[in-house]
Amino acid sequence: MAATLRAVRRAFRPASNHVRVMMREAFFVWLANHFSRGKVGTKARYFALKLAGLKLSGKVIVMGPVTVMPPGAGKMIVIGTRTFLNTNVRFGAGGGITIGKFAQIAPNVSFETGSHELDFAPGRSRAPVTAPIVVEDHVWIGAGAIILPGVTIGRGAVVAAGAVVTRDVAAKVVVGGVPAKFLRHVDEQP
């Protein structure tokens, strides 16, 4: 056992701290993605993702697998208490992602904080742009939705399945479509 721990420590001792953080994140995200579903696997996944650098509050449920890009961006993901993430959630987290309490994230949802400028210069790549994503408390995001850079989704809002959210979403509304548009208001129960 001690020899195994020494071997793991040696593996996580590359030349720079940044590389070590990326390797640690990659290992623990990979590990989290290979736990089985169920009570034990869910708890193990929670702790593995915390070790990967994600800031998870208490009682977050991650069904997994998750994708964190770019490597090393896990530390820019903050998820609030009693939030539920279903399978195949992708965090393009270069700009930072904050998810509030009691949020429900369906399968195949993508949070993309990075994009590119529309303007270009011949012979050059388009300049990258990043902006944070904020999902407030009690938000429900439907299956296959895509949340783009700089978006804030207000408290109690619902994003319909397959929606592409390009602009801020007000609190207590339902949005859907490509691009996402207002559909109706949501009532808050006492």
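Guide: The side chains of Lys172 and Glu188 form a salt bridge, at 3.2 Å from N to O; the term stands for a side-chain nitrogen of Lys or Arg within 4 Å of a carboxyl oxygen of Asp or Glu. This pair links distant parts of the chain, with Lys172 in the loop between strand 17 (164-165) and strand 18 (173-176) and Glu188 in the segment after strand 19, 16 residues apart. Strands here are DSSP runs of E with at least two residues, numbered from the N terminus.

The model is a predicted one, in which local features need pLDDT of at least 70 and side-chain atom pairs count only at pLDDT 80 or more, while totals for chains, interfaces and linings use all residues. Residues are numbered from 1 along each chain as its sequence is written, and side-chain values use heavy atoms, with hydrogens and water left out.

Lys172 has a relative accessible area of 34% and is partly exposed. Buried means under 20% relative accessible area, exposed over 50%, and partly exposed in between, with a 1.4 Å probe and protein chains only. Glu188 is also partly exposed, at 47% relative accessibility.

Glu188 has a salt bridge with Arg155 as well, where the closest N and O atoms are 3.1 Å apart. Arg155 lies in the loop between strand 15 and strand 16 (158-159) and Glu188 in the segment after strand 19 (181-185), so this pair ties together parts that are 33 residues apart in sequence. Arg155 counts as partly exposed, with 33% relative accessibility.

Over the whole structure, a search finds 3 salt bridges. One of them joins Arg90 and Glu112, with 2.6 Å between the closest N and O atoms. Here too distant parts of the chain are linked: Arg90 is in strand 6 and Glu112 in strand 9, 22 residues apart. Arg90 is partly exposed at 30% relative accessibility, whereas Glu112 is buried at 16%.

Strand 6 and strand 9 (residues 110-112) run parallel and are joined by 3 bridges; two strands count as paired if DSSP finds at least two bridges between them. Within this pairing, Arg90 has Ser110 of strand 9 as its bridge partner. Ser110 is buried, its relative accessible area being 16%. Leaving aside residues up to four places away in sequence, Ser110 touches Arg90, Ala145, Ile146 and Ile147, where a contact means heavy atoms within 4.5 Å. Strand 6 (residues 89-92) is also joined to strand 3 (residues 66-69), by 4 bridges and again in parallel. In that pairing Val66 stands opposite Val89 of strand 6.

Strand 15 pairs with strand 12 (residues 133-135) over 2 bridges in the parallel sense. There, Val134 stands opposite Thr152 of strand 15.
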